[in-house]
Amino acid sequence: MESATPVIVAIDGPSGTGKSSTSKAVAAQLGLSYLDTGAQYRAITWWMVNNGIDIEDPSAIAAVAGKPEIVSGTDPKAPAIMVDGVDVARQIREQDVTSKVSAVSAVPEVRARITELQRNIAAAAAKGIVVEGRDIGTTVLPGADVKIFLTASPEARAARRSGELKNADLDATREALVKRDAADSSRKVAPLAKADDAIEVDTTELTLQQVVECVVTLIEEKRAGK
Ligand SMILES: Nc1ncnc2c1ncn2[C@@H]1O[C@H](COP(=O)(O)OP(=O)(O)O)[C@@H](O)[C@H]1O
Ligand SMILES: Nc1ccn([C@@H]2O[C@H](COP(=O)(O)OP(=O)(O)O)[C@@H](O)[C@H]2O)c(=O)n1
């Protein structure tokens, strides 16, 4: 599939619905760039924790939101995330960051900063980009060519997540995940939400391959002008 105009794809949804795996596979298959916006919010959270900022204090977070330099790689086969020149790909997945990221990402100054980075990265993608997150279709790139909102039952999502984490307790994983979704959905600025014009795909009973095929087909149809 060749096209002169870059295609912008927004994939949103709660945790464990398959956003990262689907977005990486779709981008790799179509030769597009890829951006994991959750990794950016995790990276700024890691920096706050590492610099002793009180996560309970939004004004303390806001005051330093512009300080860390966050650089995202956009190769779907080797996604990278750096903070002040340090590769934090492993650290940002740790439980401590996961439990604090919703509080940090709810601070408007953090969102303004990260949203600007995201728009610049999307604008620079020559062939187009798949951007995954919570507010891409609604806020970051409302003019995206294709908008997908992935969902799945909390049970399926918890089972997928505990499959990744060693010794994870299924009930505790589900509880933590539902709590984070609630925090992300209820914040004032750019909450987790489906855009009115997004296509919802329930992945509970689908394999990753089926979800990837579904999204690739939607992009191809859009490019063919259907
Ligand atoms: N449709 C699917 N069926 C089964 N497992 C899946 C499916 N999609 C993703 N997974 C697995 O679930 C886990 C979470 O997927 P991920 O893409 O990280 O979700 P998200 O980015 O939405 O949090 C990963 O281990 C992934 O391999
Ligand atoms: N566009 C986005 C992406 C993530 N986030 C925040 O970042 C957190 C981590 O996102 P993630 O995509 O890495 O989470 P998982 O789906 O991997 O569990 C979310 O729980 C949100 O608090 C956001 O606010 N906006």
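Modeller: In an unreviewed entry, UniProt lists G13, P14, S15, G16, T17, G18, K19, S20 and S21 under "binding site"; its positions are given in the numbering used here, feature names are shortened, and annotations may be inferred rather than shown by experiment. The model is predicted, and local features need pLDDT of at least 70, side-chain atom pairs count only at pLDDT 80 or more, while totals for chains, interfaces and linings use all residues. Residues are numbered from 1 along each chain as its sequence is written, chains are lettered from A and ligands numbered from 1 in the order in which they are written, and side-chain values use heavy atoms, with hydrogens and water left out.

Take T17, which sits in the loop between β1 and α1 (19–30); helices (H or I, at least four residues) and strands (E, at least two) are DSSP runs, numbered from the N terminus. T17 has a relative accessible area of 1%, so it counts as buried (under 20%; exposed is over 50%, partly exposed in between, with a 1.4 Å probe and protein chains only). Not counting residues up to four places away in sequence, T17 touches L150, T151, A152, R157, R160 and T203, where contact means heavy atoms within 4.5 Å. Its side chain also reaches the backbone oxygen of P14 at 2.8 Å.

S20 belongs to helix α1. With a relative accessible area of 27%, S20 is partly exposed. Leaving aside neighbours within four places in sequence, S20 is in contact with Y34, D36 and E132. Of these, D36 has E132 in β6 as its bridge partner.

Five strands form an open sheet with parallel pairing, in the order β2-β6-β1-β7-β8; two strands pair if DSSP finds at least two bridges between them. The edges are β2 (33–36) and β8 (199–202), each with a single partner strand, so one side of each has no neighbour in the sheet. β2 and β6 (residues 128–133) run parallel and are joined by four bridges.

D36 also takes part at the start of helix α2, where a side-chain oxygen of D36 comes to within 3.1 Å of the backbone nitrogen of G38. Helix α2 (residues 37–50) has 14 residues, and eleven of its 14 residues are buried, among them Y41, W46 and W47. Just after α2, G52 takes a positive phi of about 70 degrees.

How values were computed
Polar contact = N/O pair within 3.5 Å; in protein donor to acceptor, adjacent residues only side chain to side chain. Expected span 1.5 Å × (residues − 1).
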